[in-house]
Amino acid sequence: MPTLPRTSASVLAATLLLAACGTEGGAPPGGGNGEAPVQAEVLCPTDHSAYGDTQPSEPSPRPSGRPSALPLPSAEGATENGVRITALHSWGPESGCAGVDYSADFELTNRLTEAATYTLTFGFLSASGGAVDHGERTVEAVGPGRTVKGTVTMNETLGNPPAVTGVEVTKVRSVPAAEASSASGTCPKSGVHVYADEGDAAMGLRVVGLHLVNCGTLPYRLDGYPELELQDEAHKPVDGVRILEGTDRISTGLGGDGSPEALVLGPGEAAVMSLAWRNTTQAGEPVNAPYVRVWARPAATPVMVVPELDLGTTGRLGVGPWRKDETNRGAVGTRP
């Protein structure tokens, strides 16, 4: 939720980035004194550059034009993993927007016992039920039992998109807010940013990089391999998977073999290691572990990433040692 992260952000392209798109007339300033009318901005989903995600305590950024409300099939009003779609809107020239796009309103209820950060994926559907496009939304630090509201738009603006007649919740990922991964921004109390990249997949082989950046003001020491706990969609530990030191028993040439070395990262320096697996499926039940809880070193503050481990029936995950990442130099920040 990878936060990483895969939220990584990986945790991913933000789909609520909205920008000025078109104008509509406003009243003349000063009560009609002959000056040119002020043109009020119309914010449209078709241009994704002005807004980012907001904290749940703030109003969600919303287009400001006048969309056409579309009927929701009754099934789409149902709650899916704590998420309920409440409205579907069409945006086009009648809304003051140049293109055609769609947005949906939703409510999210945190059913966990602690504050959590959510990554939500929605599918926008045609009349045939096929996917026209998707949209994603990250909602940070939702308190236990709390319900927040938000808006999501289609991820891409299509030149002549099929008409959207429905929307569905396709994936819900949550991580404890205190363990959310981050690639930048305010330096955590731990003094390091930890996050997973989007990885690479080819012919059933999966490789995801786990990154650590010393954003603090003191040296940070690493030695060997991180400690990992695999979790399923319900955040229950996944048993029966062998965690191998090194990636060479998964495949060669992945950069995760060799003996581990002690590292000392100065402020702004970074390290990286690799997770590697195959999703081969033979006899038995396939294993899926969306979440990985990571301790970068003994007694470190844990961070949860979302690399979406589809391990098939292989029962093995290769873990490379930490090595210095000479290509990545992060900013040194202040801790909260």
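Glu233 and Arg173 form a salt bridge (a side-chain nitrogen of Lys or Arg within 4 Å of a carboxyl oxygen of Asp or Glu). Their closest N and O atoms are 3.8 Å apart. Glu233 sits in the loop between β15 (227-231) and β16 (242-245), and Arg173 in strand β10 (residues 166-176), so the pair ties together parts 60 residues apart in sequence. Strands (E, at least two residues) are DSSP runs, numbered from the N terminus. Glu233 is exposed, at 56% relative accessible area. Arg173 is buried, at 9%. Buried means under 20% relative accessible area, exposed over 50%, and partly exposed in between (1.4 Å probe, protein chains only).

This is a predicted model: local features need pLDDT of at least 70, side-chain atom pairs count only at pLDDT 80 or more, and totals for chains, interfaces and linings use all residues. Residues are numbered from 1 along each chain as its sequence is written, and side-chain values use heavy atoms, with hydrogens and water left out.

Next comes Arg293. Its salt-bridge partner is Glu179, with the closest N and O atoms 2.5 Å apart. Arg293 belongs to strand β20 (residues 291-295) and Glu179 to the loop between β10 and β11 (192-196), so this contact links parts 114 residues apart in sequence. Arg293 is partly exposed at 22%. Glu179 is buried at 10%. Shared partners also join salt bridges into one network of Lys171, Arg173, Glu233 and Glu308.

The whole structure holds seven salt bridges. One of them pairs Glu107 with Arg84, at 3.0 Å between the closest N and O atoms. Glu107 lies in strand β6 (residues 101-109) and Arg84 in strand β5 (residues 83-91), so the pair ties together parts 23 residues apart in sequence. Arg84 is partly exposed, at 31% relative accessibility.

Key:
Helix = DSSP H or I, 4+ residues; strand = E, 2+ residues; numbered from the N terminus.
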